[in-house]
Amino acid sequence: MLGITLGISAWGLVTGVAMVKSGLSLWLALLMSLIVFAGSSQLAALPLIAGGAPLWVLWATAFCVNLRFVIFSAQWRLYFGHLPRWQRLTLSYFAADLNYVAFMRRFPDPQAEPEAQQPYYWGGVALNWCAWQLPSIAGILLADRVPTEWGLGFAGVLALLGLTYSLLSSGKSWISAGVAGCAAVAAYALPLRLNIVVAIAAAVAIGLLLDHWKPDAAKPELRA
Amino acid sequence: MSNWEATLGILGLALITLLTRGFFLLPRRELPMPDWAKQGLRYAPLAALAAVIVPEIVLTKGQLVSTWQDPRLFAVAVGTAYFFWKRGILGTIVSGTAVMLALRLGLGW
């Protein structure tokens, strides 16, 4: 997990630079980094803010880009659903991609073990927050000195790519992920990043069809 | 966008971060979901990630890459090879980024 934060940091730095270069003032860029805290939705939002898009377009786009978090949250509930609401609120806000993948690999059994899981979760969150925010703020302050033409921001895509690979388990998951990728590209022209909605729907449909044709006998408990 | 409008937009984005990350965790009762949807959700996390990253790799301003001289393709190929060789995410990032830098700075792609 420590290693992946390198990719997160490079991505944070580039996002910090991108916020200032898109025309946001220093204070707005700092505000965005510190409170929005979601790289892919920040990057999707920048051209919309710069181009003066209506607020509902901005927000709908961010929602679609963040759809993966909606899906992750269904699994977070299995571990943290019993906690009081304010704890669920703070847990939710900080639950980034890296934390999700690392946590699910560490605790594959979907049951609550508060003594082990909460320290692990908060440690991971603190690490991820620093690895994102510090370079992002550095990028905002040093926007003119960080070279963007090197393509460092691609480290963020590579980090998400590695996280994605680590979720691939069965042949069926490969097929469904492939369908999602193709659908996201094919439907890219849709407004509001609805291509992501289309891709998830297509991948889930294919997954269900594959389950119907070739049920996995080994893991019947997962079908509930 | 005026300054106050951008501020409002950013506050809204922060709220969306919270609401999406807590969508199924925040409600007091579990949101009712049919069995087929629960089963289908197994495929959704992977699909959602793939849907965000694949366009970042193969699209340039909304168009499919038209040249093989795109450093992203090579960075992804090397990163992918590393992942399935060693199963390490860090190596995927480092090897892919190294290829990216080499092609951008070395060959000027």
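Let's start with helix α2 of chain A. Its buried residues pack against α1, α3, α6 and α8 of chain A, together with α1 of chain B. Keep in mind that this is a predicted model. Helix α2 covers residues 26-36, and its buried residues are Leu28(A), Ala29(A), Leu30(A), Met32(A), Ser33(A) and Val36(A). Just after the helix comes Phe37(A), with a positive phi of about 50°.

Now follow one of those residues across to chain B. Met32(A) and Val36(A) are both contacts of Leu13(B). Leu13(B) sits in helix α1 of chain B, residues 3-21. Is Leu13(B) buried or exposed? Buried, with a relative accessible area of 1%. Setting aside neighbours within four places in sequence, its contacts also include Ala45(A), Leu58(A), Trp59(A) and Ala62(A).

Take Ala45(A) from that list. It belongs to helix α3 of chain A. Beyond its sequence neighbours within four places, Ala45(A) touches Met32(A), Leu58(A) and Leu13(B).

Ser92(A) is buried, at 1% relative accessible area. Outside four places in sequence, Ser92(A) is in contact with Leu18(B), Arg21(B), Gly22(B), Leu25(B) and Leu26(B).

Next, the whole interface. How many residues of chain A are in contact with chain B? The count is 87, and they meet 68 residues of chain B. About 7,100 Å² is buried between the two chains, and carbon and sulfur atoms give 76% of that. On the chain A side, Arg77(A), Phe154(A) and Tyr165(A) lose the most area to chain B, together 10% of what that side buries.

And charge? Between chain A and chain B the count is one salt bridge. Asp211(A) pairs with Arg42(B), and the closest N and O atoms are 3.0 Å apart. Asp211(A) also forms a salt bridge with Lys172(A), at 2.8 Å between the closest N and O atoms. Lys172(A) is buried at 12%. Asp211(A) is buried at 1%. Asp211(A) lies in α11 of chain A and Arg42(B) in the loop between α2 and α3 of chain B, so this pair joins two chains. Arg42(B) has 29% relative accessibility, so it counts as partly exposed. Put together, Lys172(A), Asp211(A) and Arg42(B) form a linked network of salt bridges.

Over all chains, the structure holds four salt bridges. Another of them joins Asp97(A) and Arg68(A), at 2.5 Å from N to O. Asp97(A) is in helix α7 and Arg68(A) in helix α5, 29 residues apart along chain A. Asp97(A) is buried at 8%. Arg68(A) is buried at 2%.

Asp97(A) brings us to the last stop, the cavity. A search of the whole structure finds one cavity of 30 Å³ or more. The largest cavity holds about 140 Å³ of space. Which residues lie nearest its centre? Trp11(A), Gly39(A), Ala96(A), Asp97(A) and Trp132(A), out of 14 lining residues. The lining divides into eight nonpolar, three polar and three charged residues. Helices α1, α3, α5, α7 and α8 of chain A each supply at least two residues of it.

Key
Residues are numbered from 1 along each chain as its sequence is written. Chains are lettered from A and ligands numbered from 1 in the order in which they are written. This is a predicted model: local features need pLDDT of at least 70, side-chain atom pairs count only at pLDDT 80 or more; totals for chains, interfaces and linings use all residues. Side-chain values use heavy atoms; hydrogens and water are left out. Buried means under 20% relative accessible area, exposed over 50%, partly exposed in between (1.4 Å probe, protein chains only). Contact means heavy atoms within 4.5 Å. On a 1 Å grid over the protein atoms alone, a cavity is a set of points where a 1.4 Å probe fits but cannot get out, and a pocket is an open set with protein on both sides within 12 Å along at least five of seven lines; lining residues have an atom within 4 Å of a point. Grid points are joined across faces, edges and corners, and a volume is the space filled by probe spheres set on the points. Helices (H or I, at least four residues) and strands (E, at least two) are DSSP runs, numbered from the N terminus. Ala, Val, Leu, Ile, Met, Phe, Trp, Tyr, Cys and Pro count as nonpolar, Asp, Glu, Lys and Arg as charged, and the others, Gly among them, as polar. Buried area is the accessible area (1.4 Å probe) that two parts lose on being put together, summed over both. A salt bridge is a side-chain nitrogen of Lys or Arg within 4 Å of a carboxyl oxygen of Asp or Glu.
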